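These are my notebook entries on one protein model, written as I looked things up. I begin with a single side chain and its surroundings, and I come to the whole chain at the end.

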Amino acid sequence: MSGETGYRVAVRTLCDFTAREGDLDYRFTPAPSAREGIAGHALVSRRRGEGYEAELPLSGAFEGLKVGGRADGFDPAANRLEEVKTHRGRLERMADNQRALHWAQVSVYGALLCAERGLTSLTLALVYLDITTGRETVLTREASASELSAFFATQCRRFLAWAAQEARHRERRDAALGELAFPHDRFRPGQRDLAESVYKAASTGRCLLVQAPTGIGKTLGTLFPLLKAMPRQGLDRVAFLTMKTPGRRLALDALAALGGGEGAAGSPDAGSPDAGSPDATPQPLRVLELTARDKACEYPDRACHGEACPLAAGFYDRLPAARQAAVAGGWLDREALRAVALDHGVCPYYLGQELARWCDVVVGDVTHWFDANALLHGLARANDWRLGLLVDEAHNLVERARGMYSAELDQRRLARLRREAPGALARPLGRLARQWQALVREAGMSEAGAPGRPGYRVLDGLSDGMVAALQGVASAITEHLGEHPDQASLALQELLFEALAFTRLAASFGDHSLCDLARHGRGRAVLGLRNLVPADFLAPRFAAAQSAVLFSATLSPAHYHRDLLGLPVATVWWEVASPFAAEQLEVRIRADISTRLRDREASLSPIVAELAEQYRRRPGHYLAFFSSFVYLEAALARLQEAHPEIPVRAQTRGMREAARDAFLAGFTPGGQGIGFAVLGGAFAEGIDLPGERLIGAFIATLGLPPFDPFNEALKARLAARFGRGDDYAYRIPGLIKVVQAAGRVIRGPDDEGTLVLMDDRFARREVRARLPGWWAVE
């Protein structure tokens, strides 16, 4: 490979590729979060003397391969180069292959440092920091410059063939994308405008909020222009992130239509023994679907290490062949990835994690970029990727992100675990239980929790004693499970992860979050750290993307999403004009009905009368949305009593996927009936019932969150920070749900239907102003 066509690789990626061998070993030793790792590195740096160089940028080349990264620290006075690793629990449990990887990383950095500064020798140090105790364990090794140079050359030679392949792939990919054509004869109305706005955002490196109506083909209308922009803007990767599984399927279908599915499972190359051979035809675009671990695991009842799982044993020894076959196949949705993995005897989930480094388009959940331990964000930072980000159904990101940075701890679960836990855990669990009791007393809730009236308090934060007790429990469980993996009960693992989440969030607690305690009776308290403003956590994620496009049918008003998501100041908000005409959707407001809690019983008769009259006027399929299952069930019972001739079906609590599919399957062309569903639930967005499958919807609620102590605390916090308490806590989230549910009715240019909004507040001017402009509201 010549210097002119050099391939750039990060030190960590190089060593991950060349220095790993043996088994996967993910025994119960949860790694620190990215935030904890950063804090740990900063702590080590502060402990060093004057002149210590932290985050030292280093780079070099070997036969055209460009290698670079940031060494954790260098002490010129001691001539010592450090690689800092944070950990939990006993260090001696670390697998040998993991330690070998760490030595490889510091050795490559050592070679680069010696070459850059003309050093003849160097002390290499692995610094292991226990984030719970702050204790450092330092391992050192003396190395000459010539020794390190030889090691560096060996690692580079192992990588060069792959690097040459990747460079050729990038050339083929960019050439193919340069010639990429829209897969249909013409754009849908509004779709071209959407595509042009996405292309401009990618070209200028901007963040774009796009409100585009349902039915114009947003998935294809965003993917096509961003793929076209990849070669011209030098984008390394595209991530298409979704809120729910059906969104991933739509994205994969769009990518297949764009020509990305030629190497899909079932083709001669995908997963075949010869897929990585020189004669195999490489695909110009590699597409990967990332699946959650619990859905990808082949042996969910086994621990994730070589002694327990056959797909973990020898994983890194078989990985090179599996990786080569996978990238040659190119199309790696869940089924194709699994086929390649099982053909090579490796874990599908961890093969997918590895392939995220080498695929051009990754389709997955929003957690892969926005969560505290997000895979794609970590890879982008480590490899300095220019990444284009697409976020589907982005109106859900506020609530999803709040969940990513929130945690709960249940006192009853702790009490049950204390009775069942091994004796070695008795003392740390006892300390945590005493902290619980003190917390309840200090909150003045010892008499709270009378039947039907749970106590609730917003706290200033977690006490140092509670944090220390949680850290102690996490360390004790980690230690115990490392020695006794056979005792890894689900309850013990759940408490471990809850304790870890709490300690992480407590370290970054601020006005973006709220600490609360709800007591439902003696020994039945729930402690929460709840994020209210995701912006503080998400802003760095948006800044790390070269461009980001967030799209949905409901992203209005723009300031709500800008404020709560932490979008860049230069973010552009743009609305695609609706291709639908007012004549397609009859919108009526029943201002004589109140769905407020105090008026629920009185509202049932007029609601049922409206449902029956509309159904009589135009028989067909309808959906009726209510604010809760209690309200839904009351209205359903009243309709069945008054009009037993009308076919009905209803969403139920905890409805499983098969039951949801059956519910939707009942909406057949030419059929009739009314489906009852909860606003904001599984049937209020993300479902497609075009034509006669759905001809109308009734919405018997304004969609407002309940007026409970938590939402009132949320309102106060949002008012203090943004001056928009009621809007941000209640009105805007409620109307987003309403418009999403209404969007189920008109799905295409030939659809016609009816929408009935049943609540007097829909008639208010400020509410009507936030309804879609193309609706002709009577």
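Entry one, a glutamine. I looked up what Gln 191 touches and, not counting residues up to four places away in sequence, I found Phe 182, Ile 216, Gly 217, Leu 220 and Gly 221, where contact means heavy atoms within 4.5 Å. Gln 191 lies in helix H5, residues 191-204; helices (H or I, at least four residues) and strands (E, at least two) are DSSP runs, numbered from the N terminus. Its relative accessibility is 3%, so I put Gln 191 down as buried. The cut-offs I keep to are under 20% relative accessible area for buried, over 50% for exposed, and partly exposed in between, with a 1.4 Å probe and protein chains only.

Before going on I noted that this is a predicted model, in which local features need pLDDT of at least 70 and side-chain atom pairs count only at pLDDT 80 or more, while totals for chains, interfaces and linings use all residues. I also noted that residues are numbered from 1 along each chain as its sequence is written, and that side-chain values use heavy atoms, with hydrogens and water left out.

Entry two, a phenylalanine in a loop. Phe 580 sits in the loop between strand E18 (572-575) and strand E19 (585-589). Is Phe 580 buried or exposed? Its relative accessible area is 8%, and therefore I count Phe 580 as buried. Leaving aside neighbours within four places in sequence, I found Phe 580 in contact with Pro 213, Thr 214 and Gly 215, with Ile 746, Arg 747, Gly 748 and Pro 749, and with Trp 774. I also checked Phe 580 against Ile 607, which is 27 residues away in sequence and, C-alpha to C-alpha, 28 Å away in space.

Leu 319 belongs to helix H9, residues 315-329, and with a relative accessible area of 4% Leu 319 is buried. Apart from residues up to four places away in sequence, Leu 319 touches Val 346, Leu 351 and Glu 354. The C-alpha atoms of Leu 319 and Glu 354 are 9.0 Å apart, although 35 residues separate the two along the chain.

At what angle do helix H19 (residues 535-544) and helix H20 (residues 558-565) pack? The angle is about 90°, and the axes are 7 Å apart; axes are lines fitted to C-alpha atoms, for helices over the stretch in contact, and angles run from 0 to 180 degrees between N-to-C directions. H19 and H20 are therefore roughly perpendicular to each other, a label that covers 65 to 115 degrees, whereas under 35 counts as roughly parallel, over 145 as roughly antiparallel and the rest as oblique. On the H19 side the contact is made by Ala 535, Leu 538, Ala 539 and Phe 542, and on the H20 side by Asp 563, Leu 564 and Leu 565.

While still in H19 I looked at Ala 543, which is in this helix too. Because its relative accessibility is 62%, Ala 543 counts as exposed.

Most residues other than glycine have a negative phi, and most peptide bonds are trans. Which peptide bond is cis, with omega near 0°? I found that it runs from Ser 556 to Pro 557, and Pro 557 lies in the loop between strand E17 (547-552) and H20. Glu 55, in strand E2 (residues 53-62), has a positive phi near 50°, and at 41% relative accessibility Glu 55 is partly exposed. Glu 63 also has a positive phi, of about 50°, and its place is in the loop between E2 and strand E3 (65-75). With a relative accessible area of 48%, Glu 63 is partly exposed.

I noted 26 helices and 25 strands in the secondary structure. Buried residues make up 55% of the 778 residues. Along its principal axes the C-alpha trace spans about 90 × 70 × 45 Å. Among contacts between residues at least 6 apart in sequence, 78% join residues at least 24 apart.
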